[in-house]
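Visitor: I am new to protein structures and would like to learn how to read one, feature by feature. Could we take a single example and go through it slowly?

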Amino acid sequence: MAGEVTSADRDLYGVKSSAFGSVSAATITAVLDARYQFAMGYFAAHFDLPLVTLDVTTKMCVCQLADYDLMSYRGYNPEGIDLVIRQRYEDWIAWLKLVAEGKVTPQVVDSSAGSEAGVSTATPQFISDEQRGFSTRGTTDNYPFDGVEE
């Protein structure tokens, strides 16, 4: 929640508070909370929520996604110098998709028993069916798979 990613984190990893002008602290906190929940939707595929600790990369992601929302609320020029705001948003969405696919494992600690930083709680799934004749699996004739010629 927003307790996990604070306005101080956003000042450190994103756009400074002074850039938001008259946007209230309550609005900033609400946007951080919303973007944290949004990001956790991607994390849920491989981690038991809620997360106990976040790594810097995850905090940067949430902060910069929130920055995009806040700058959109305040107003910005997506074609000019503010283009980086939109590009960061797109990059972080791509990163979250990699997290959901299990191709990136952030150094977070989830709420599962004995969890360690950067260790996904997802378990592999093995699906098997009856032998269809494409291999010698389950037979006594394993040549050429057993390395012993007959």
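Visitor: How many helices and how many strands are there in the protein?
Guide: Before counting, please keep in mind that this is a predicted model. The protein has four helices and zero strands, and when the elements are read from the N terminus on, their order is α-α-α-α.

Visitor: What share of the 150 residues in the protein is buried?
Guide: A residue counts as buried when its relative accessible area is under 20%. In this protein, buried residues make up 31% of the 150 residues.

Visitor: Which residues does F43 touch, if its neighbours up to four places away in sequence are not counted?
Guide: With those neighbours set aside, F43 touches L49, L51, T58, W95, L96, V99, P106 and V108.

Visitor: At what angle do α2 and α3 pack?
Guide: To describe a pair of helices, one looks at the angle and the distance between their axes, and then at the residues that make the contact. The axes of α2 and α3 are 9 Å apart, and the helices pack at an angle of about 125°, which makes α2 oblique to α3. The crossing in which α2 passes α3 is right-handed. On the α2 side the contact is made by T27, I28, V31, L32, R35, Y36, F38, A39, M40 and F43, and on the α3 side by T58, V62, C63, L65, A66, D69 and L70. Sorted by class, this contact of α2 with α3 has 13 nonpolar, two polar and two charged residues.

Visitor: At roughly what angle do the axes of α3 and α4 cross?
Guide: The axes of α3 and α4 come within 9 Å and cross at roughly 135°, so α3 is oblique to α4. In this case α3 passes α4 in a left-handed crossing. Among the residues that make the contact are M60, C61, L65 and D67 of α3, together with I85, Y89, W92 and W95 of α4. By class, the contact of α3 with α4 has 11 nonpolar, three polar and three charged residues.

Visitor: Is D67 buried or exposed?
Guide: To decide, one compares the relative accessibility of the residue with the cut-off for buried, which is under 20%. D67 has a relative accessibility of 2%, and therefore counts as buried. This residue is found in helix α3, and, not counting residues up to four places away in sequence, D67 touches R10, G14, V15, F20 and I85.

Visitor: Why does D33 count as partly exposed?
Guide: Partly exposed is the class between buried, under 20%, and exposed, over 50%. D33 is partly exposed because its relative accessible area is 26%. This residue is found in helix α2, and D33 and E4, although 29 residues apart in sequence, are 8.7 Å apart in space, C-alpha to C-alpha.

Visitor: What share of the contacts with a separation of 6 or more is made by residues 24 or more positions apart?
Guide: Here one asks how far apart along the chain two touching residues are. In the protein, residues 24 or more positions apart account for 68% of the contacts with a separation of 6 or more.

How values were computed. Residues are numbered from 1 along each chain as its sequence is written. This is a predicted model: local features need pLDDT of at least 70, side-chain atom pairs count only at pLDDT 80 or more; totals for chains, interfaces and linings use all residues. Side-chain values use heavy atoms; hydrogens and water are left out. Contact means heavy atoms within 4.5 Å. Helices (H or I, at least four residues) and strands (E, at least two) are DSSP runs, numbered from the N terminus. Buried means under 20% relative accessible area, exposed over 50%, partly exposed in between (1.4 Å probe, protein chains only). Axes are lines fitted to C-alpha atoms, for helices over the stretch in contact, and angles run from 0 to 180 degrees between N-to-C directions. Angles under 35 degrees count as roughly parallel, over 145 as roughly antiparallel, 65 to 115 as roughly perpendicular and the rest as oblique. A crossing is left-handed if the near helix is turned anticlockwise from the far one by less than a right angle, and right-handed if clockwise. Ala, Val, Leu, Ile, Met, Phe, Trp, Tyr, Cys and Pro count as nonpolar, Asp, Glu, Lys and Arg as charged, and the others, Gly among them, as polar.
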